[in-house]
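Subject: Two-chain model, handed over with notes

Dear colleague,

Here is the structure I said I would pass on. Please look it over, and then read the notes that follow it.

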Amino acid sequence: MVWNSSIFQALFWSVATIAFYQMGKGLHVRLRQWWSTPMLIAPISLVCLAIVLHESYRDYIRQTHWLVALLGPATVAFAVPVWEQRALIRRHWAVLLAGAAAGSATAMGSVWVLSAAFGLSDSLRLSMMPRSISTPFAMTVSAQIGGIPDLTAIFVIVTGVLGATLGEALVQVLPLRSGLARGALFGMGAHGVGVARALGIGREEGSVAGLVMVLVGVANVLAAPVLAYLL
Amino acid sequence: MPLRKIAVTARRSLRSNRLLQIGAVLVFWLIGEGLARVTGWPIPGGIFGMVILLSLLASGAFSQASVRRGANWFVAEMLLFFIPAVLAVLDHHEFLGVVGLKVLAIIVSSTALVMGVTAVVVEFGFRVVCSAKEDSHGVE
């Protein structure tokens with residue numbers, strides 16, 4: 001059967017993913033609502049399609065894993081906006097580092113306290129703690145401190161999608177005069193998805209967000225053994 | 001001589017062609033992945049690639065014009081690369097109930113807190129640095 005051939009499957013799910021993403025992008029340009037982002041529309045449409053066609057996640061991700069792998073070169077690509085903002089970064093690197101440290105501590109600490117308050121299991125709590133770091137780092141940290149990397153990946157994505165939207169609201173409310181603070185807010189709170197959103201606000205915000213995301217990731221991976229020892 | 005000619009042509013086409021630049025970014029990524037594997041450090045290959053590209057840009061060995069358009073494409077379409085990972089929820093029906101709501105509540109409140117703290121720290125530091133700069137200018 002043509003339907004069951006693996007090439008057709010890979011092509012079908014890849015094209016469907018890209019098509020829903022493009023549709024979401026087009027819709028967002030027209031509607032400009034927080035719920036019209038491709039990060040909500042595309043996954044929801046794909047989940048519906050997967051349920052209708054009885055596709056499991058394991059099969060789906062096998063066909064579309066190459067798209068996720070492109071996050072690697074996307075990270076490399078951040079060298080360009082970071083390079084463009086080198087003057088700003090050279091001047092304020094200490095401030096950005098302080099923001100990243102304060103943000104990471106808040107992320108881990110607040111999840112620790114809130115999970116206890118809500119009575120969540122230890123494995124859920126440990127899987128949720130690294131969720132403010134971008135995916136590859138977060139999964140490494142999660143494994144080190146005794147969480148479940150797969151679950152962490154989900155929490156990271158949910159944090160990114162909700163955080164990017166939340167960040168847009170916060171930027172309007174908080175009296176932030178510097179693009180530096182706006183960028184750090186997105187890069188620390190909503191990693192990759194937030195960085196993409198920050199780029200929509202401005203080039204300065206976007207590159208600061210990208211830099212903070214990378215800083216936070218590296219710093220947390222380095223800190224994970226210490227954290228594992230403390231937990 | 002012909003070798004030099006090839007180099008010049010290669011550089012010129014790299015500057016004008018976005019597809020080639022996308023390829024260049026991919027090459028840096030592959031080198032980064034290789035390094036990550038060889039060293040065995042728990043740092044993603046993309047970060048290695050980024051550091052290599054940054055140092056090449058800083059040393060002037062590689063011009064920004066040769067990667068800018070390709071890099072911008074990757075950055076602009078980055079959201080697409082996250083989407084397949086979201087479908088992991090298909091495997092976790094436990095999040096459809098109360099636990100899911102609790103997790104959602106924790107993620108939203110913790111993320112708001114993280115963003116607030118980070119932004120306030122950076123904004124405060126920014127203002128301190130800026131006023132220190134202004135003061136030193138005032139003395140001069």
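Predicted model: local features only at pLDDT ≥ 70, side-chain atom pairs only at ≥ 80, totals over all residues.

**The contact between the chains**

Chain A puts 90 residues into the contact and chain B puts in 68 residues. Between them the two chains bury about 7,300 Å², and 83% of that area is on carbon and sulfur atoms. Across the contact there are 12 residue pairs in polar contact, with both residues at pLDDT 80 or more. On the chain B side, five helices each supply at least two residues: α2 (18–39), α3 (45–59), α4 (68–76), α5 (78–86) and α6 (98–139). The helix that gives the most is α6(B), with 28 residues. Sorted by class, the side of chain B that touches chain A has 49 nonpolar, 11 polar and 8 charged residues.

**Salt bridges**

Over all chains, the search finds 7 salt bridges. The count between chain B and chain A is 2.

One of the salt bridges pairs Lys25(A) with Glu77(B), where the closest N and O atoms are 3.0 Å apart. Lys25(A) lies in helix α1 (residues 6–31) of chain A and Glu77(B) lies in the loop between α4 and α5 of chain B, so this pair joins two chains. Lys25(A) is partly exposed, at 28% relative accessibility. Glu77(B) has a relative accessible area of 14%, which is under the 20% cut-off, and therefore counts as buried.

Glu84(A) and Arg68(B) also meet through their side chains in a salt bridge, at 2.7 Å from N to O. This pair crosses between chains as well, running from helix α5 (residues 79–84) of chain A, which holds Glu84(A), to helix α4 of chain B, which holds Arg68(B). Both ends are partly exposed: Glu84(A) has a relative accessible area of 25%, and Arg68(B) is at 37% relative accessibility.

Within chain B, the side chains of Glu123(B) and Arg127(B) form a salt bridge of 2.8 Å, N to O. The two residues are 4 residues apart in helix α6 of chain B, so about one helical turn separates them. Glu123(B) is buried, with a relative accessible area of 5%, whereas Arg127(B) is partly exposed at 35% relative accessibility. Elsewhere, salt bridges with shared partners join Glu84(A), Arg203(A) and Arg68(B) into one network.

**Two chain A residues that touch chain B**

Thr75(A) sits in helix α4 (residues 71–77) of chain A. Its relative accessible area is 18%, so Thr75(A) counts as buried. Leaving out residues up to four places away in sequence, Thr75(A) touches Gly46(B), Ile47(B) and Met50(B). Within chain A, the side chain of Thr75(A) reaches the backbone oxygen of Leu71(A) at 2.7 Å.

Leu67(A) belongs to helix α3 (residues 57–69) of chain A. With a relative accessible area of 1%, Leu67(A) is buried. Again leaving out residues up to four places away in sequence, Leu67(A) touches Thr17(A) and Ile18(A) in its own chain, and Leu80(B), Phe81(B) and Pro84(B) in the other. Leu67(A) and Val29(A), 38 residues apart in sequence, are 23 Å apart in space from C-alpha to C-alpha.

**Backbone and cysteines**

Two histidines are worth a look in the backbone. His54(A) has a positive phi of about 55 degrees although it is not a glycine. His54(A) is in the loop between α2 (38–52) and α3 of chain A, and is exposed at 74% relative accessibility. His191(A), also not a glycine, has a positive phi of about 25 degrees. His191(A) is found in helix α10 (residues 179–201) of chain A and is buried, with a relative accessible area of 1%.

How many disulfides does a search of the whole structure find? The count over all chains is 0.

Regards

Technical notes:
Residues numbered from 1 in each chain as written. Chains lettered and ligands numbered in written order. Heavy atoms only, no water. Contact = heavy atoms within 4.5 Å. Buried area = accessible area lost by both parts, 1.4 Å probe. Salt bridge = Lys/Arg side-chain N within 4 Å of Asp/Glu carboxyl O. Polar contact = N/O pair within 3.5 Å; in protein donor to acceptor, adjacent residues only side chain to side chain. Nonpolar A, V, L, I, M, F, W, Y, C, P; charged D, E, K, R; others polar. Buried < 20%, exposed > 50% of the residue type's maximum accessible area, 1.4 Å probe, protein only. Disulfide = S-S within 2.5 Å.
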